[in-house]
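Biologist: I am new to this structure, and I would like to learn how to read it. Could you walk me through it?

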Amino acid sequence: MAITKVWLDESENECTMCGACEAVADSVFAVPEKMVVKAGVDFSKFESEIKEAADGCPVATIAWAVDGSDKRANP
Ligand code: SF4
């Protein structure tokens, strides 16, 4: 089970541009306005940081999926 996709999921809430994800994992996330996932990142190297950032996002707009799936794996 490796994280292979990370994205901004605004299906229920909007990113508040708080910057918390970038503070946790600036190798993966940038918040120039709304959060963006940096290009070319090997997510498998940052799994704990991605999960921590997703868990800490106040509006749960960070989604991740595993093993090539497009289905959000985190709550
Ligand atoms: S932690 Fe969540 S709300 Fe805050 S900037 Fe990142 S994605 Fe947006």
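**Helix 2 and its surroundings**

Modeller: Gladly! Bear in mind that this is a predicted model. Let us start with packing: the buried residues of helix 2 (47–56) pack against strand 1 (3–8), helix 1 (20–24), strand 2 (29–30) and strand 4 (62–66).

Biologist: Which are the buried residues of helix 2?

Modeller: To judge burial, we count neighbours: a residue is buried if 20 or more other C-beta atoms lie within 10 Å of its own. In helix 2, Ile50, Ala53 and Ala54 are buried. These residues span an arc of only 100° around the axis, so they sit on the same side of helix 2.

Biologist: And which exposed residues does the face turned away from the buried side of helix 2 carry?

Modeller: That face carries Ser48 and Asp55, both exposed.

Biologist: Thanks! Now for the whole chain: what pattern does the protein follow along the sequence?

Modeller: Here we list helices and strands in order. The protein has two helices and four strands, and the pattern reads β-α-β-β-α-β. Its radius of gyration is 11 Å, close to the 11 Å given by the globule rule for 75 residues, so the protein is as compact as a globular protein of that length.

Biologist: What box do the C-alpha atoms fill?

Modeller: Along the principal axes, the box is roughly 30 × 25 × 20 Å.

Biologist: How many of the 75 residues count as buried?

Modeller: The share is 21%. As for contacts between residues at least 6 apart in sequence, 56% join residues at least 24 apart.

Definitions and conventions
Residues numbered from 1 in each chain as written. Predicted model: local features only at pLDDT ≥ 70, side-chain atom pairs only at ≥ 80, totals over all residues. Rg over C-alpha atoms; globule rule 2.2 N^0.38 Å. Buried ≥ 20, exposed ≤ 12 C-beta atoms within 10 Å, placed from the backbone. Contact = placed C-beta atoms within 7 Å. Arc of directions from axis to C-beta.
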